[in-house]
Structure formats: C-alpha cells, structure tokens
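Biologist: I have not worked with this structure before. Could you take me through it step by step?

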Amino acid sequence: MSLRSDEEVSPEYQDEDSALTLDALAFFGRITANVSHEFKNRLATIKEKAGLLADLTAMAEKGIRPLDLARVNTIAKDIARQVETADGACLRLNRFAHSVDVPERREDLVELVSLITRLIERQAVVAGVEITLGSCPKVEVETNPFLFQQVVYYCLLWALDHAQTRALSLDVGRSEEQAFVSIKGAAFDELVQRPSNRLVRALRKLGGRLEANTGEKEVTIRL
Amino acid sequence: MRILLVDDELELVTALAERLVLRGIDADWALSGEQALEKVRAAEYDAAVLDYKMPGMSGLEVIRKITLIRPDMKFIIVTGHASEQDDRVCRDAGACFYLMKPLKIEALIERLKEAIG
C-alpha cells in the first residue's frame, strides 16, 4: 500500500502555498515550544541547585551546620551538567532554525532524522515512548531540510499516538537509488490511507511518498 | 506541614525537597503519578505540588486519583508555560494554585500555607 505525493487526496486546499506557509509556521512553533519547555526545566533545576548552595552557605555562616565541601562540589557539577544539557538543546534549536535558510541543499538525512527525534524527545517521553535511530551510514541527498523534517515529524507524531509498543525504531538508508526513512512500531495503514492534509501538502512539496508495510508495522518515507 | 512533590525531573524534585526540608517542611517526592499514588496510599500528606505534564499520568489526572483516596489533600500545579486556559483547567480539576517554573521557594511556601490553611 502506498501514497504518492502527487496524488490528490483532499479537495480542501485551493491556495496550497498559503496552507504550506501556515503548516510550516505551526511546525516551527511546536518545535520551539518543545525546546522552550526543555530550557524551562533546565533553568528550574539550576535555580533549585543554586538555591540549595545558597541555603547551605547561609546555614554555615550562621553556624547552624558546617559546609560540606564535597556536597558543594557535587551540586556545582550538577549545575554544570544542567548547563551542558541546555546548551545541547540550544545547539539543536539553532541547527533546526537554520534549516529554513535555503530551499534545497545537500543534506545528510541521518543527521536530520537524528535532529528531529532529539527535538521531540520530551513529547516522546510524555507519551511514554522511546525513539531510537539505528546506526546508519551517511545518506546524502539534495533536499529541502525543513520540509523533510516536517514530514518525519508528522509521521513520528502519528506514531507516538498510535505506537503499539513503548518503542519506535527508525532507520535511514538507500534502496534502488532512492533515499528512505522508515519508522517501525505502529500500525501505519491509517496514516497512509487517510493522511492529514498537512502531511499530504508537505510530501507533495518535498516530492516524496509514503509506504506502509502492514506486517512489519512500519512506514517508509521515500524521497 | 507534610508535602509531596511530584515531577519526573529527578534533580529538580530532590533539590526542591531538600530546600523545603531545610525550611522545616516535611517534604517527600515522587517521580511519576503512579509513584505519587503509592505514596499517598501509604502515608498522609497535607498537599501535593505536581508538574502539569509528566510521562504517564498528567498532573491533573494525579489530582483526580488522589482526591478519591485523600479528599482533604490540597494541590498546587507547576508548569513551564502558564496560560489562562490552563489555569482555569487546573482550578476546575481541584488545584488551589497554578505556578510557573522556575519556582520562587518563598512564594511556593506562602501558597502552600494558604492552601492548607
């Protein structure tokens, strides 16, 4: 079963470019909201750890309890680790933001898939699903990196809602000269039979197609 | 005052619990709604401070389930991003207050005192 991106599945979009722009904004907004939640959690933790250091210091100054230097060192390291985590999220957001810089360029799909899965990590955690990307060699293609991530994101969102196990596994590769991304772990038939309009629009613009492999509980995005 | 903090961020919840303990508040913690329910079944708490979004049960679902076990417990919801709509939803679910992360510890204590009365 497959859905080609050039197939008409809905008569709704009369102004496809406007719809694509709105879809892109919504996608961009959702990703930045995810990252801002991550920042908030890191900042909240750093604030409590810093507050704890202040509390322990104040108690030592008042002679209530001597300062445990080993404890202070541990808390300082905890803070540094939180900063590193936040910095990682910041780098990913920056990389994602730059994916709109040019409409098409040579990209490693493995890197893009890795990026988008990290950007939606919190959504996956809240859904109780673990997303893993296998160890894949580089798959370089000329593509629109933003649209490509958008298509993967829509499929992953659907998979998070319909996951049949607590794990989704991704693979990126090339078969018969075509690059592909596969997501395994959910019954994807409905996604391919009745895709959302936004997925159809993004696929059409990207020039890709979706295929569901019912027996394997897998969907493949082919470019 | 016996408080249960519920958040899946281990480092956040343990640091906050320790800071409350240093201020004379008996603070315990749980990393999920399921763990919170186990604790509430085993011991009495005056109030729970819950993260709005957690893996498994959300903060609101935890409030609904705890209320069935301990109808007198009070609740404060904590979130990264507040909205008027979320505030209304939380209050409708039985939360006394809806606070933003990062927390101001003195403000949290004030709200806890106000909620418990």
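Predicted model: local features only at pLDDT ≥ 70, side-chain atom pairs only at ≥ 80, totals over all residues.

Biologist: Noted. How many helices and strands does chain B have?

Modeller: Chain B has 5 helices and 5 strands. Along the sequence they follow the pattern β-α-β-α-β-α-β-α-β-α. The radius of gyration of chain B is 13 Å, close to the 13 Å that the globule rule gives for 117 residues, so chain B is as compact as a globular protein of that length.

Biologist: What box do the C-alpha atoms of chain B fill?

Modeller: Taken along the principal axes, the box is roughly 35 × 30 × 30 Å. Of the 117 residues in chain B, 44% are buried.

Biologist: In what order do the strands of chain B form the sheet?

Modeller: The order is 2-1-3-4-5, in an open sheet with parallel pairing. Strand 2 (26-30) and strand 5 (97-100) of chain B are the edge strands, each pairing on one side only. From one strand to the next, the twist averages 20°.

Biologist: And over how many bridges do strand 3 and strand 4 of chain B pair?

Modeller: Strand 3 (residues 47-51) and strand 4 (residues 74-79) of chain B pair over 5 bridges, in the parallel sense. One of the residues involved is B:Val49, whose bridge partner in strand 4 of chain B is B:Ile76.

Biologist: Which strands of chain B does helix 5 touch?

Modeller: Helix 5 (residues 105-116) of chain B packs on the sheet and touches strand 1, strand 3, strand 4 and strand 5 of chain B. The direction of helix 5 makes about 150° with that of strand 4 of chain B. Helix 1 (residues 10-22) of chain B, in turn, lies across strand 1 (2-6) and strand 2 of chain B. Its direction runs at about 170° to strand 2 of chain B.

Biologist: Let us turn to chain A. What does its secondary structure come to?

Modeller: Chain A has 7 helices and 8 strands. Its radius of gyration is 22 Å, whereas a compact globule of 223 residues would have one near 17 Å. The C-alpha atoms of chain A fill a box of roughly 75 × 35 × 30 Å along the principal axes. Buried residues account for 36% of the 223 residues in chain A.

Biologist: What about contacts within chain A: what percentage comes from residues 24 or more positions apart?

Modeller: Among contacts in chain A with a separation of 6 or more, such residues account for 76%. In chain B, residues 24 or more positions apart account for 57% of the contacts with a separation of 6 or more.

Biologist: How far does helix 1 of chain A reach?

Modeller: Helix 1 of chain A has 46 residues and reaches 66 Å from its first C-alpha to its last, close to the 68 Å expected at 1.5 Å a residue. After helix 1 of chain A comes A:Gly63, which has a positive phi near 75°.

Biologist: How many residues of each chain take part in the contact?

Modeller: Chain A gives 16 residues to the contact and chain B gives 17 residues. On the side of chain A that touches chain B, helix 1 (16-61) and helix 4 (121-127) of chain A each give two or more residues. Helix 1 of chain A provides the largest share of that side, 12 residues. The residues on that side of chain A divide into 5 nonpolar, 5 polar and 6 charged.

Biologist: Back to the strands of chain A. How many bridges join strand 5 to strand 6?

Modeller: Strand 5 and strand 6 of chain A run antiparallel and are joined by 7 bridges. One bridge pairs A:Ser175 with A:Gln178 in strand 6 of chain A. The two strands form a hairpin with 2 residues between them, and A:Glu176 in the turn has a positive phi of about 50°.

Biologist: Which way do strand 3 and strand 5 of chain A run, parallel or antiparallel?

Modeller: Strand 3 (residues 130-133) and strand 5 (residues 167-175) of chain A run parallel, joined by 4 bridges. A:Thr132 has A:Ser169 in strand 5 of chain A as its bridge partner.

Technical notes:
Residues numbered from 1 in each chain as written. Chains lettered and ligands numbered in written order. Rg over C-alpha atoms; globule rule 2.2 N^0.38 Å. Buried ≥ 20, exposed ≤ 12 C-beta atoms within 10 Å, placed from the backbone. Contact = placed C-beta atoms within 7 Å. Nonpolar A, V, L, I, M, F, W, Y, C, P; charged D, E, K, R; others polar. Expected span 1.5 Å × (residues − 1). Pairing = 2+ DSSP bridges. Axes fitted to C-alpha atoms, helices over the stretch in contact; angles between N-to-C directions.
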